[in-house]
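Please look over the model shown here.

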Amino acid sequence: MPISNGYPEVEDQEGTRIEKVLLAALVGFLLVGSFWAQDRIESFFPAPTLMPYGKEPYSSNSSEQAGVSVEDELGVTPLRTELEKLSKEQGAKNDSLANALAAKSKADEKYKFRREEYRTAMQAGNASASQRSAFESSRSALESAAARLQQFQAASDEASSKVAAEQQKVNAAAQRAQAVFGARSFQRNVKLVVLHFSFAAACLVLSWILWLKGRNRRWRYQAILTGLFTASILQLFFLLIRYCWELFLSDVATLGVAGIGTAVCIFAIVAIKRWLYSPERLALARLSSRRCALCATPFTETQSHCWKCGHALTEKCPTCGSDRLLYAPFCGTCGAGSVTTLPKSP
Ligand SMILES: [Zn+2]
Ligand SMILES: [Zn+2]
């Protein structure tokens, strides 16, 4: 039985640098895979769109942009089209009004000129019939121009009030659409948070179970499982960072992130204390490099007690009677199993 089997501490110490690099690479690739999986989860729930993107769905990102926008669905789009039409009509009416105004002021000028001409001729006593008729026709032209102006003014006012009414309709409908859009975006975000964290939690639990199994069976390639476990812890961690970063909308979600973050950190602290730096593992690691199991001070063959903490370093083997390392799982002379266990830490 190779000595390395069953003593992860020894393996850790003999682990070469290349193994560590490979382990880090393994964790990195697993994380890339996890990001892909999270993207997939997101694409299952297309994000709602508020405004229509034109008649055709986007050719490039069709899976995300396809589908009806909220404004289309709630009938805001035809209202907007109608508003555009009415605005155009209003523009045309305003142009006609401006023309009528110009025509009227021209007629006014002409009328004033003819009136003045006729009046001076009357005063001079030489007013002709043609001067009189020119004056009268300019007056009637002015009257009809004024009447037309009034007509165009009324038409323009009517068009303006139509536009204002339609604008109000559009505003109200757009507000409703905005509310629906907000609610849908929120629902989607909640779904994504739940799914993302469920996925990450499932990965974590699964890899943890595998890691424990491997450890209990003293699997030679436990490093792979350690990589898996590390990657799933990091996945959860990155998710937390991401959602903290996005910090979307409601206080409830923020509180959720805070709660999950606290839970993960406490779990990590306990896990590290319990599994990675358990007293047994530490003692074994220290004994492997000939250091005191309790205070890690190096010792030599000739010492029977630690010069620093004063604790005994050896004990009599109950099976063969020779001196054996205290807290070592097996006797170095006869191979008998452990007798003295470490003092329990509180
Ligand atoms: Zn000591
Ligand atoms: Zn022995």
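**Helix H5 and its neighbours**

Helix H5 covers residues 76-124, which is 49 residues, and spans 71 Å from its first C-alpha to its last, close to the 72 Å expected at 1.5 Å a residue. The expected span is 1.5 Å times one less than the number of residues. This is a predicted model, in which local features need pLDDT of at least 70, side-chain atom pairs count only at pLDDT 80 or more, and totals for chains, interfaces and linings use all residues. Residues are numbered from 1 along each chain as its sequence is written, while chains are lettered from A and ligands numbered from 1 in the order in which they are written.

Visitor: How many helices and strands does the protein have?

Guide: Helices (H or I, at least four residues) and strands (E, at least two) are DSSP runs, numbered from the N terminus. From the N terminus on, the order is α-α-α-α-α-α-α-α-α-β-β. The count is nine helices and two strands.

Visitor: Against which helices do the buried residues of H5 pack?

Guide: A residue is buried if 20 or more other C-beta atoms, placed from the backbone, lie within 10 Å of its own, exposed if 12 or fewer, and partly exposed in between. In H5 the buried residues include Leu97, Ala100, Lys104, Ala107 and Tyr111. An α-helix has 3.6 residues a turn, so residues three or four places apart point the same way. The buried residues of H5 pack against helix H4 (70-73) and helix H6 (129-216).

Visitor: Are H5 and H6 roughly parallel or antiparallel to each other?

Guide: Axes are lines fitted to C-alpha atoms, for helices over the stretch in contact, and angles run from 0 to 180 degrees between N-to-C directions. The axes of H5 and H6 come within 7 Å and cross at roughly 160°. Angles under 35 degrees count as roughly parallel, over 145 as roughly antiparallel, 65 to 115 as roughly perpendicular and the rest as oblique. H5 and H6 are therefore roughly antiparallel.

Visitor: How many charged residues does the contact of H6 with H7 have?

Guide: H6 and helix H7 (residues 222-246) pack at about 160°, with axes 9 Å apart. Ala, Val, Leu, Ile, Met, Phe, Trp, Tyr, Cys and Pro count as nonpolar, Asp, Glu, Lys and Arg as charged, and the others, Gly among them, as polar. The contact of H6 with H7 has 15 nonpolar residues, seven polar and, as for charged, one.

Definitions and conventions
Contact = placed C-beta atoms within 7 Å.
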